[in-house]
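Open the structure in your viewer and keep the selection panel at hand. The tour moves from one selection to the next and says what is found at each stop.

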Amino acid sequence: MDVTVVGSGPNGLAAAVVCARAGLSVQVLEAQSTLGGGARTMADPEFPGVRHDICSAVHPLALASPFFAAFDLPARGVDLVSPAVSYGNPLPGRPAAIAYRDFDHTCEELSDGRGWRRLLGPLVEHPDAVVGFLLGDKRSLPFGLTTVARLGLRMLWQGTPAWNASLPAGDARALFTGVAAHTISTMPSMTSAGAGMLLATLAHTVGWPVPAGGSQAIVDALLADLRAHGASVQTDTEVTTPPPGVVLYDTAPTALLDIYGDQLPNRYQNSLRRYTFGAGVTKVDFVLSDEIPWADPRLATAPTLHLGGDRAQMARAEAAVAAGRHAAEPMVLAALPHLTDPGRVDAAGRRPLWTYAHVPAGSPRDQTDAVRAVFERFAPGFADVVVAARCTPAARMADHNANYVGGDIGVGANNAWRALAGPTPRANPWATPIPGAYLCSAATPPGAGVHGMAGYYAARTVLRREFGIRELPELAP
């Protein structure tokens, strides 16, 4: 076996696809009984006609990612449906702030449409440069330098305490804060601003698509290509000792401590022991009998929602979580995939509601009531359409994905330094000091998200260093 990939998340599978298409013999080893890591879909235990996305549910990066663009998911039968509404942010006592895929429509509805246009207009006009920089390897000169300079300026606008100056009105402030909160970090910060710029730009370009049939459709396409190129895939296989040959780890960096032990150089061991994970999420899956009775009926067409109130409320909630406290009204991200994929509604009319509540790292607390209360705040009568609720506290998120230590879905990488340098300071962040061992998880650049780029960059390193292959294989079907 030429290459072993440990972990079957999107990055691990992306690395495996690149290596298999380069003509190498490849095996993928997965500790769980199902494949896909952060992109799996499973049936509700009580209502099997309702299928829940186990981790991610909405995938703007699956359309924007250079890896997935070359892999061409639509040509492989993956139906990525981008709705007219990318995301909505309900607000207390006033109309919601809504990001339509149509940029002009968004600006027209916002009370601070001019501020939104000034903030995002130059980026929406050149999305490839934004994606190329923020999902790039940060080790080569980016193209679109003018756009990158504008991006950097706007990150300063929204990543520093002066963040209100560039968005004078509350609805535009809330709309950006909600999308920036995907990083689960204190705000304002350069990290949250960068993520917000990328995701908001995609909202007005490729959109925020939901895969028909669930996130598993993306994984299944990767697996089909792997098998077509001779790779083997094994589930229920926990790696506790180093596999032979070259190994790519789609794992938290700290997993190497258990696998290699004293084989690791002392300095690297110490670096990994100092590795820190961030705040967590608690997952609450709801089964609904009907549509949510939003106070603002325009939200009825929004498959993705950021529920945290206005900018000040969201910033307070995220600051509390970062300080190790549960927020009185937590930041909640939610998705209603059936709005673009009617096949997610069962014969009795039941449909899934996916939610993440931001909580302190390792929180064991059941957040079902807290999340329900957040929805009731913006949709009185929400409880009346809830048929069932399933909670996975942050402390148990690692049960179904070992990378999510303490509920940290960013695998410790949600800060600007690690997006550049990787988990430990190295010239090549996908390499380790262990001969033949590489990292390809979200802990390596460009960070979290279902984009496959960390796996792509790690595989590129492996092909060049270990096998002398400098020309990367074609990825198209």
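## A helix and its neighbours

Begin with helix α5, whose buried residues pack against β6 (85-91), α4 (103-109), α6 (127-134), α7 (145-159), α8 (170-180) and α9 (190-203). Here helices (H or I, at least four residues) and strands (E, at least two) are DSSP runs, numbered from the N terminus, while buried means under 20% relative accessible area, exposed over 50% and partly exposed in between (1.4 Å probe, protein chains only). This is a predicted model, in which local features need pLDDT of at least 70 and side-chain atom pairs count only at pLDDT 80 or more, whereas totals for chains, interfaces and linings use all residues. Residues are numbered from 1 along each chain as its sequence is written, and side-chain values use heavy atoms, with hydrogens and water left out.

Now colour the buried residues of α5, among them Trp 116, Leu 119 and Pro 122; because 9 of its 12 residues are buried, α5 is largely enclosed by the rest of the structure.

Next, select Phe 286 and Phe 375, an edge-to-face aromatic pair with 6.5 Å from centre to centre and 65 degrees between the planes. Rings of Phe, Tyr and Trp (its six-membered ring) pair if their centres lie within 6.5 Å, and planes under 30 degrees apart count as stacked, over 60 as edge-to-face and the rest as tilted. Phe 286 lies in strand β11 and Phe 375 in helix α14, so the pair ties together parts that are 89 residues apart in sequence. Both Phe 286 and Phe 375 are buried.

Finally, select Cys 440, which at 0% relative accessibility counts as buried.

Note on methods:
Contact = heavy atoms within 4.5 Å.
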